[in-house]
Amino acid sequence: KAFYASEKSSLAILRKKTGYTFANCKKALELHNNDLTAAEKWLKDQAQAMGWSKATKLEGRNTTQGLIGVLVKNNIGAMVEVNCETDFVARNVSFRKFVEATSIACFNYMNNVENKNYLTKIALESENLKQIQLDDGKTLGDHLALMIGTVGENASLKRAICYKTSDEIKLTGYTHPAPTIDVPNDEPLTGKYGGIVAFKSNTDTSEVQKKICQHIVGMNPIKIGDKANDEPEPNKDDETCLIYQEYVLDPDLTVEDVLKENNLSVVDYQRFECGEQAKTIDETVRAAAN
């Protein structure tokens, strides 16, 4: 009876820890003489193998839905796009957690990059992303296959943009739709749209910076704009230069008015929209600066 109780307890612990089915957890314990550590490893190895098998079968199926993940802390920022087949899976907890893990992995990757200028900006394509290693020793590609096996449809690591700046440059990130609950500053945001903006500022204007980032995500300017070389459009609705656009939170002001009022300047920005046609790495890095 004591052994049976111990076996039952191990089964409950293994199910709670891994989330796998009763039958699979029971089989794992039976194969490994009730050794929890060995059983958990076997389950993970089986899940990984099944994930790769599923990923191979589903490869090539169209992935136009998904999420944007954004993580900004201090002088490092990362924004990623992960795609799936349906909006149903995009709302799945396993998928969202994978997007968050991808954001963190790209953030950590950028943390190890030397910043030789006031701003370093690196774009990563799908194959680059798959090779990034996580703390458990597996790559993002391994975790992608595991997630595909869990959600049951194709998914892909599409792209990422990463920033690292000097102390005088401040980074701000935003996603839309905005989270319905407060997300701690050191955790990733997710949404269908996302943006990261690099500002030059000598004062604490974090709230204004967030609103400018929100404006960029919503209004999709093509470039920052330069008064010496760019003229405002006659029709304000056609304006694509950030500085000349009507400020989304107060149409009586332009973005340039808000920047001047707060002694701010936009050094660079990047905006992702889930499912949009991806630019090349070179186009992505240069897009906002032109």
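Two strands count as paired if DSSP finds at least two bridges between them, and the strands themselves are DSSP E runs of at least two residues, numbered from the N terminus, with helices being H or I runs of at least four. OK, with that in hand, the sheets.

Quick caveat before that: this is a predicted model, so local features need pLDDT of at least 70 and side-chain atom pairs count only at pLDDT 80 or more, while totals for chains, interfaces and linings use all residues. Residues are numbered from 1 along each chain as its sequence is written, and side-chain values use heavy atoms, leaving out hydrogens and water.

So, sheet one: 5 strands, open, in the order 3-4-2-1-6, with antiparallel pairing. Strand 3 (119–125) and strand 6 (189–191) are at the edges with a single partner strand each, so one side of each has no neighbour in the sheet. Going from one strand to the next, the twist averages 15°. For a landmark, look at Leu 67, which stands opposite Val 82 in strand 2.

The other sheet is open too, with 3 strands in the order 5-7-10 and antiparallel pairing. Strand 5 (169–176) and strand 10 (264–273) are its edges, each pairing on one side only. Strand 7 (residues 193–201) and strand 10 are joined by 9 bridges, and Ser 201 has Leu 264 as its bridge partner.

Now helix 5. It lies across strands 1, 2, 3, 4 (155–165) and 6, at about 145° to strand 2. Angles here run from 0 to 180 degrees between N-to-C directions, with axes fitted to C-alpha atoms, for helices over the stretch in contact.

What does helix 5 (residues 93–111) pack against at about 170°? Helix 7 (residues 140–151), with the axes 10 Å apart. That makes the two roughly antiparallel (over 145 degrees; under 35 is roughly parallel, 65 to 115 roughly perpendicular, the rest oblique).

Last stop: Thr 139, in the loop between helix 6 (126–130) and helix 7. Buried or exposed? Buried, because its relative accessibility is 18% (under 20% is buried, over 50% exposed, partly exposed in between, with a 1.4 Å probe and protein chains only). Beyond its neighbours within four places in sequence, Thr 139 touches Lys 130, Gln 131, Ile 132, Gln 133 and Leu 134.

How values were computed. Contact means heavy atoms within 4.5 Å.
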